[in-house]
Amino acid sequence: MISVFDMFSIGIGPSSSHTVGPMRAAKDFVQALGDRGVLSQVSRVEVELFGSLGQTGIGHGTGKAVMLGLAGFAPDTIDIDLIPDFLSQVEQDERLLLNQCQSVTFPRSNAIVFHRRQTLPLHSNGMTCRAFTVDTAENQEKRLAEQSYYSIGGGFIVKAEDFANTQASAAAESSAKPVPYPFHSGDQLLALCHEHNLSVSELMLANEKVNRSEHAIIEGLRQLWQVMQDCVTRGCHTTGILPGGLKLRRRAPDLLAKLNGESAYNKDPLSVMEWVDLYAMAVNEENAAGGRVVTAPTNGAAGIIPAVLHYYHHFVQPVDDAVLLDYFLTAAAIGILYKENASISGAEVGCQGEVGVACSMAAAALTAIVGGTVEQVENAAEIGMEHNLGLTCDPVGGLVQVPCIERNAMGSVKAINASRLALRGDGEHKVSLDKVIKTMRETGRDMMSKYKETARGGLAVNIIEC
């Protein structure tokens, strides 16, 4: 089974598939060179980006992520304050230290190639890394290694030769030990919960404990929650202009000041919605700026799950360890169903696979922590996706800013409403979660490629970049 810590991972913005994934792939490539004992022979490396990575990679910071990965940095541990100086030094010297130890030529042009009209055969997010050495005897350059990767959403990467076994590759960090309650559909999940008298989170916890102690699981979830809180705080207090050609001004600090200056939420219950907007926008403005975020389940949709949990923390009751377990494990269970049976990649199925999935996960998780039944949890997840079906991915300028930031705010409010609708019912409903996941997959398959993170359709071509 895919772990909760696969569905939720700490990384950097602005994109899990276009930044985190390529960074991990580049790091893996250099690590493999080291494992083979040939890293010291490398004189030059080159990386080609295909499909959506080539079309929107500049706006998504894919080239920067590749350089960081080649240098041996990981998205979850890199000091984000050091990134600007590192990138500036590489550009100035036109050299790069592979894994911080092997200096190679890295020219400003052609070290990383963005192919806007070429796609690798297995997925829309493809990249190929190559390493070269100089044969001194023949005085010519020879290829040492080549590896193609696919960034399949949420920061997951798959080598080309492993793509046929995508699920196993995507869950590579999970143990091969059998879990007590394996499930691969919503119906199976519900049946197991009923058969063993477990909630969704209790079932997930039993599976997670195959690989980690309960203490380690709780510690890991505390860390995720702390990063989410820190991200909201930074987003609420950092002013200025987001990077990229749109020159978009950060809005969260102004919104926070206005909300703090009002007592309207005591009179107008719907003003709570504006706080939810704030939490989501703060996260996604941080993401757009390349800050530290939790991939949940992607960076483009990283604001929804933390915004809904912040809503609960501030307006229902404070979050404790029991809530963290219930919330994150329930959300992960729903995310696993989408990951295995459809996609969480905007380049593959549109934004319904990112904001739609995050909305579905958050709706289910909120329903769980307020005491909903397993049927109501499943119903909330279904509602959350049903009303995001067909959502396109059309980032203006290839940047994860417009409409992505506001879209997270809308998705967060929608998740809360989906939960409330489910809680007012008894769990009975006509459309099952499995059916809506199947519909999402088919909708994504039918969606024209220009609406799937290529910046060639929708708002991306109707808004002039200036």
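In this predicted model, Gln55 is buried (under 20% relative accessible area, where over 50% is exposed and in between is partly exposed, for a 1.4 Å probe and protein chains only), with a relative accessible area of 11%. Gln55 belongs to helix H3 (residues 52–60); helices are DSSP runs of H or I with at least four residues, numbered from the N terminus. Apart from neighbours within four places in sequence, Gln55 is in contact with His115, Arg116, Arg117, Thr454 and Arg456, contact being heavy atoms within 4.5 Å.

Residues are numbered from 1 along each chain as its sequence is written. Local features need pLDDT of at least 70 and side-chain atom pairs count only at pLDDT 80 or more, while totals for chains, interfaces and linings use all residues; side-chain values use heavy atoms, without hydrogens and water.

A nonpolar core is a set of buried Ala, Val, Leu, Ile, Met, Phe, Trp, Tyr and Cys residues joined through side-chain atoms within 4.5 Å. The largest such core has 107 residues, and Phe8, Phe328 and Tyr338 have the most contacts inside it. Helix H13 (residues 321–341) supplies the largest share of this core, 13 residues. Leaving aside neighbours within four places in sequence, the contacts of Tyr338 include Val357, Met385, Leu433 and Ile437. A second, separate core of 37 residues includes Val30, Ile112, Leu144 and Ala145.

Key
Helix = DSSP H or I, 4+ residues; strand = E, 2+ residues; numbered from the N terminus.
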